[in-house]
Amino acid sequence: MDCMMNRRDFLRVGSKVGGGLVVSICLPAYGKFISSNRFITDIEFNKFISIDTNGEITIMLTKHEMGQGTGTTIPTIIADELDADWSKIRIEQAFYDPKYTWLEMGTTGGSGSIARTWDAVRTAGATTKALLKQAAANKWGVDPIILEVNNSKVTNRVTNRTFGFGELAKEAAKISIPENVVLKKPGGYVYVGKSVKNRITKDVVSGNMRYGIDMDVPGMVYASIERCPIYGGRIKNYDDTEVRKIEGVIDVFPIAIPQKIKDSLHSIIGYVYDGVVIVASSTWIAIKARKRLKVEWDGGENANRSIESLNEDMAALKDSPAFMSMDLGNVGPCFQNTENKILEMEYNTPYQTHAVMEPLNATAHFQDDVCEIWVGIQDPEKTINNVSKALRIPEEKVKIHVLKSGGSFGRRYAADTSIEAAFISKKIGRPVKLTWTREDEIKNDHCQPYLKNYMKAAITPDKSVVAIENQAICTINYAVWSTKWDHYYAFPNIRCYRSKVPTLLQYGAWRSVGEHSAALSKECFIDELAHYLGKDPLDYRLELLSHEVDWGDPKEIPQGAIERMLARKKLLRERQIEVLSYIKADGLWSNETLDGGGKGLAMMCFGDTVCAEIAEVAMEGELGYTVDKITAVVHCGMVINPHFGRGQIEGSIIWALSAVKYGGVEIENGAIQRSNFHDNKVLRMDELPEIEIIFIESDERPSGLGEPGTPPLAPAVLNAIFDACGKRVRKIPVAKEDLIESINSIAL
Amino acid sequence: MGHYSLKINNKIYPVHIEHDTPLLWVLRDKLKLYGTKYGCGIAQCGACTVHVEGIPMRSCSIPIDSIGDKSITTIEGLSKQSNHPIQIAWEEEDVPQCGYCQSGQIMSAAALLERIPNPTDKQIERAMKGNICRCGTYSRIQNAIKSAAKKINGLHDE
């Protein structure tokens, strides 16, 4: 994004009302990429950084704070370049506004908040500092070269006189943006690289932190929705006679978006289940009243499907024609050669629920043709677009206040709660808070897609893997393994197929998305190959990475993107080698066998971050195995905040381990058979493994940490289980039944 | 509907509400004490933990009718200035990620130290396994509890 470096193009300086400095940040050039047409013309400048005459600095937060910590880390990066006093910095959540949609169109996700704003926010901070410095130089009539800035003060190194930022704000507002500013070099940072405390902690421990679910609008009523348990199902009829008898019930009506409008909404973000809305004087009455509601659903095609039938549908596609997503070298003859040994395995990564800690919710107030929505959400822009289409009102009439949320993990990309709340408020003409119950959140989740992955290798009599073939069968077109640009292990011939079955559940993003599913099959299969070849799993990976994959003619990649993609591949190959070499050199992966247990290794890239994990398991306990220790080695470039960074990797490990132990969903008659934390279990404190995290030291630009710790966990555990008991489990979750055979054989 | 006089955080709150309303929804919808969180509604996650007569309980599963004159403490009333040793330790360890489950975690932890001032790792696990954290802050919670216990008992790191 070279245009970003042209400061005059995207930064502007102005005065605050009542004096003070405002630095605006915007990218008119980038605005052209913003999806909604209305945003292209007349892009106004925002007030990204402002400094009061009393020295108080306000930084607008344009990202959604959902536990990943960017609400603190992005301001830290700015404060560092600005050489500001951290205690004088106030962080204000930006009301969703196209003025702030520079970069990523206002979304928060993909572990990219810091990586994608790194250049822009540093430049904004450094430019603001340059203005203040120049203001001091003007006041003293000296050359700025003799001035130094730290802790919100500009000091004249000759006279030792100082000005606080507040004293300079007025003067600085009159200066035009300098053409060039110098950014700090690694080593020169004050806050970056330090574990600066999370800005939300104080409010959290006092109980004063407010999330979407705590929103309060004067005069609001409360709503709960009985939704169709089947994806794609519709309301046939309902009887609310008994519901209306309950004191406190205000209204009952269906929510069923007409098919024509449904088709115009975003297929993932805009999906809204049919349901019956109960509006009441309290959340409790609305929830309770649902028990007296009688609804008949038309489940449609999915009503006759189950997880077993879906599994059969997927398996049936195995030998059917599929889309070939990659074809390097000449795979055919390798598999036809009867002298070659063919190794073929099937891996399954099922649907996964989110169970975000803060149940889904949204508060809306529709009045005078304007719909205001308060919600913790990852993609306000697409939400506005989908609310506008669903309610048939102009986009300009939808206003979104982005509130903090209690964990998103991909689920809060969806606009469903906003559409529902907006619809209800429009219908009743009052502000309303809609709260999903935990049961709603699980039964009507937008799940991680189901991937069935067949991996096949052709091995010559002298034990060399000459070809790999992969067939990914998924409930959505996004199996990462089948994407041409995500292979790093250099086999001479590689072919990938991809096919899709109609999904049984609504799908959505789930922490680490396709990488999670892809990593399991890729990293377990590599482990199987290593054992078959009699090689150490770590050395074998290094060996495969020591050659570059010959990408042939990259037809699928658009012009101009090839160079960038190849540079990224090079970076990731280097980082993978570095991570594995670190593990080897540090003795983290030794040959010694663990008494009564085993260890397994796996590695995956997410974005530009590489994470390898070593799992240590013991064959004991309720599930037949326990996961005792996880060691993670991570290369993510610079670590902005080590405490947060470790937290993200730790959290990812725990997230993924929940899926290994208890993940997946049972589905009968098209409906999810889980409902709450008793049957949709997640990891609790007494199951916590020991976790050791090592970041490879690096001065390179930061590349994201929210998700990369998730994908390697499941394959590392599965490989460790094999090491411990000789049993290959090629799916998650891993239950006792999956190990029975080996437990028996050990007992014998 | 019934009239109740609830003793919460040393204050009396008169409430007129349905008999079966769980304490959680009285706190949140009626009294706007939003520090206590809704997480599951069936006493499985601990997000709604409050103290009833000093005992940690899941407010989502206590009907208002069963409270009588028992005194209730929520996160807002745990200390005067958010300076309970557990709250201080939480800040020092910088425990929260999203923070949503933390008021429940803090209430469970404070009750644990009240009962066992110097808990072992196993005792901490046993007392805290009813509180789910999806961000995975468990190890930080353990550290915070241990450091608060040390302070309460007058022990300090060498």
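Chain A contains 20 helices and 28 strands. Its C-alpha atoms occupy a box of roughly 85 × 70 × 50 Å along the principal axes. The mean pLDDT of chain A is 91, with 91% of its residues at 70 or more. Where pLDDT is low, predicted coordinates should not be read in detail.

One open sheet of chain A consists of five strands in the order β1-β2-β3-β4-β5, with mixed pairing. Strands β1 (11-15) and β5 (89-93) of chain A form its edges, each pairing on one side only. From one strand to the next, the twist averages 20°. Strand β4 (residues 57-61) of chain A runs parallel to β5(A), the two being joined by five bridges; Ile59(A) stands opposite Ile91(A) in β5(A). Two helices pack on this sheet. Helix α4 (residues 113-140) of chain A touches β1, β2 (21-25) and β3 (49-51), and its direction makes about 150° with that of β2(A). Helix α5 (residues 165-172) of chain A touches β2, β3 and β4, with a direction at about 110° to that of β3(A).

A further open sheet of chain A has seven strands, ordered β11-β12-β9-β19-β16-β17-β18, and its pairing is also mixed. Its edges are β11 (249-255) and β18 (398-402) of chain A; each has a single partner strand, so one side of each is left without a neighbour in the sheet. The twist here averages 25° from one strand to the next. Within the sheet, strands β16 (residues 361-367) and β19 (residues 432-435) of chain A pair in the antiparallel sense over four bridges. Thr363(A) has Lys433(A) as its bridge partner in β19(A). Helix α12 (residues 380-391) of chain A lies across β17 (370-375) and β18, running at about 145° to β18(A). Helix α13 (residues 416-428) of chain A lies across β9 (221-227), β11, β12 (275-280), β16, β17 and β19, and runs at about 35° to β16(A).

Helix-helix packing is illustrated by α15 (residues 513-533) and α16 (residues 537-545) of chain A, whose axes lie 9 Å apart at an angle of about 105°. At this angle α15(A) is roughly perpendicular to α16(A). Helix α15(A) contributes Ile526(A), Asp527(A), Ala530(A) and Leu533(A) to the contact, while α16(A) contributes Pro537(A), Tyr540(A) and Arg541(A). By class, the residues of this contact comprise five nonpolar, no polar and two charged.

The contact between the chains involves 49 residues from chain A and 43 residues from chain B. On the side of chain B that touches chain A, at least two residues are supplied by each of α1 (23-30), α2 (85-93), α3 (102-115), α4 (121-128) and α5 (138-152) of chain B. The residues of that side of chain B comprise 19 nonpolar, 15 polar and nine charged.

Technical notes:
Residues are numbered from 1 along each chain as its sequence is written. Chains are lettered from A and ligands numbered from 1 in the order in which they are written. This is a predicted model: local features need pLDDT of at least 70, side-chain atom pairs count only at pLDDT 80 or more; totals for chains, interfaces and linings use all residues. Two residues are in contact if their C-beta atoms, placed from the backbone, lie within 7 Å. Ala, Val, Leu, Ile, Met, Phe, Trp, Tyr, Cys and Pro count as nonpolar, Asp, Glu, Lys and Arg as charged, and the others, Gly among them, as polar. Two strands pair if DSSP finds at least two bridges between them. Axes are lines fitted to C-alpha atoms, for helices over the stretch in contact, and angles run from 0 to 180 degrees between N-to-C directions. pLDDT is the predictor's confidence in each residue, from 0 to 100. Angles under 35 degrees count as roughly parallel, over 145 as roughly antiparallel, 65 to 115 as roughly perpendicular and the rest as oblique.
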